[in-house]
Amino acid sequence: MTKRNTLENTAGRTQCRGTALIGLHGVRRRARKDKKECFTALLHHITIDLLEQSFRKLERKAASGIDKMTWSKYEENLIKLLPELLEKVHSGKYRALPARRVYIMKEDGRKRALGILAIEDKIVQQAVRTIMNQIYETDFVNFSYGFREGRSQKDALDALHVGITRRKINWVLDADIQGFFDNINHEWLMKFIQKRIGDKRIQRMISKWLKTGHIENGKRVKQEVGTPQGSVISPLLSNIFLHYVFDLWINQWRKTVAKGDVIVVRFADDFVVGFQHLSEAQRFVKDLEERLKKFGLNLHPEKTRLIEFGRYAEERRREHNEGKPETFTFLGLTHSCSKNSKGYFVIRRKTSRKKFKKKLREVKMELKRRMHEKISETALWVRSVIVGHCNYYAVPGNMKAVKEFYTQVIRAWLRIIRKRSQKGRNFTWERFRRKIEEVIPRPRLKQTYPNVRFDAALKVRAG
């Protein structure tokens, strides 16, 4: 019989931070102890304290949904609204509102649909996500990095770098699932969730969130497939889906089919798989396509490539007169085969040109919008852009591209200032640069080498 948690202690009558956290820690301990346990009593962990914590975690400047309620406006009546929301959740009166549909432009010129939820839907979803994370963080595999506690894009990039350099990797599959978030099958997803979440009330809420749909052109459109991008719980649901469809499957494939080394790094629906042998790489692609089709998914034909990559790629391609090894882009950095000054193989990582141009275009548009604002205020904004860019892209071997971004942003800002008035023409490049260096620091290397960061992260997780 599947074990149940009906005897688990409920949250205390007096809602406080201590009792709520103790209960959630208990859920995590039980989930870690028994990987097959199905939790049938979870809703009682949603308390006033957890709802308030969930509210504080939301983006404060996010756009409002169809309820037209902003974060700051909701905060004004928080003491009154949260108890009412808690009562609705526990009495079964809570009803999710449809999302407000908006579109953003993608790099390929197409539009991506996003759903902006009502504030109370965000709060409840964040609370449920917090509870479910206690269970699934004990289940998720180590090569899954997207939208997880204590894991980031930098960690995924470090793992990929270390995997290729420390293992016998000669071929790399750079893959992307076509329209993943829009094609998640609801029936399969709910089956996967029911393996660990046995609380019918939590199941019903998740099912409602999936099917509530959105408002577009004044009409309500129900969602029969996919998860609403932009919702708070969507990243967790997508990770659960891929955990069963991809992660567990590829772990088994590596043990039973592969004879050589195989590495995997996944960030949401974007993943890279490295192989020692070409024959195994080709077989994996076919097996993966069949696996995904079973669940209504397909590999993106334009964004999925199998390339020769690794420490011997350059030599082998030279022997066959095939030119330099191909490159691939993962999480905004283009990876290429190279050698250091001592002749040893290294992976060079450089800012993706698409990301570089897109970000620079966005910065220039914002600078035009801020043309007549105070220079001191704009300087603080430019500083945040430069620092944020450096924190992510200032990796060993990529400083040339980072410095180029810095120079182009500053020059674009100088051109805008010169257009403000005739006095602006008195600003020379050297004078302007000296003036802003007091506020905006020059780019510096922000990250150590990937192997150092990766080993340090392993020690932290193990400790």
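In which helix does threonine 130 lie? Threonine 130 lies in helix α5, where helices (H or I, at least four residues) and strands (E, at least two) are DSSP runs numbered from the N terminus. Before going further, note that this is a predicted model, in which local features need pLDDT of at least 70 and side-chain atom pairs count only at pLDDT 80 or more, while totals for chains, interfaces and linings use all residues. Residues are numbered from 1 along each chain as its sequence is written, and side-chain values use heavy atoms, with hydrogens and water left out.

Consider the whole chain. The protein chain has 16 helices and eleven strands. Its radius of gyration, taken over C-alpha atoms, is 25 Å, close to the 23 Å that the globule rule gives for 463 residues, so the chain is as compact as a globular protein of that length; the globule rule is 2.2 Å times the number of residues to the power 0.38. Along its principal axes, the C-alpha trace spans about 65 × 65 × 45 Å. Of the 463 residues in the protein chain, 51% are buried, where buried means under 20% relative accessible area, exposed means over 50%, and partly exposed lies in between (1.4 Å probe, protein chains only). Among the contacts (heavy atoms within 4.5 Å) with a separation of 6 or more, 71% are between residues 24 or more positions apart.

Threonine 130 counts as buried because its relative accessibility is 11%. Leaving aside neighbours within four places in sequence, threonine 130 is in contact with Leu24, Leu50 and Lys57.

Another helix to follow is α9, residues 234–256, in which serine 234 is found. Serine 234 is buried because its relative accessible area is 3%. Apart from neighbours within four places in sequence, serine 234 is in contact with Phe181, Thr227 and Pro228, and a polar contact of 3.0 Å joins its side chain to that of threonine 227. Asparagine 251 lies in helix α9 as well, but counts as partly exposed because its relative accessibility is 21%. Asparagine 251 touches Val141 and Phe143, not counting residues up to four places away in sequence, and its C-alpha atom is separated by 9.1 Å from that of valine 141, 110 residues apart along the chain.

Finally, look at two loops. Phenylalanine 147 has its place in the loop between α5 and α6 (153–166), and its phi is near 55°, a positive value in a residue other than glycine. Asparagine 321, in the loop between α11 (313–319) and β9 (328–330), has a phi near 55°, again a positive value in a residue other than glycine. Phenylalanine 147 is partly exposed, with a relative accessible area of 41%, whereas asparagine 321 counts as exposed at 72% relative accessibility.

Definitions and conventions:
Polar contact = N/O pair within 3.5 Å; in protein donor to acceptor, adjacent residues only side chain to side chain.
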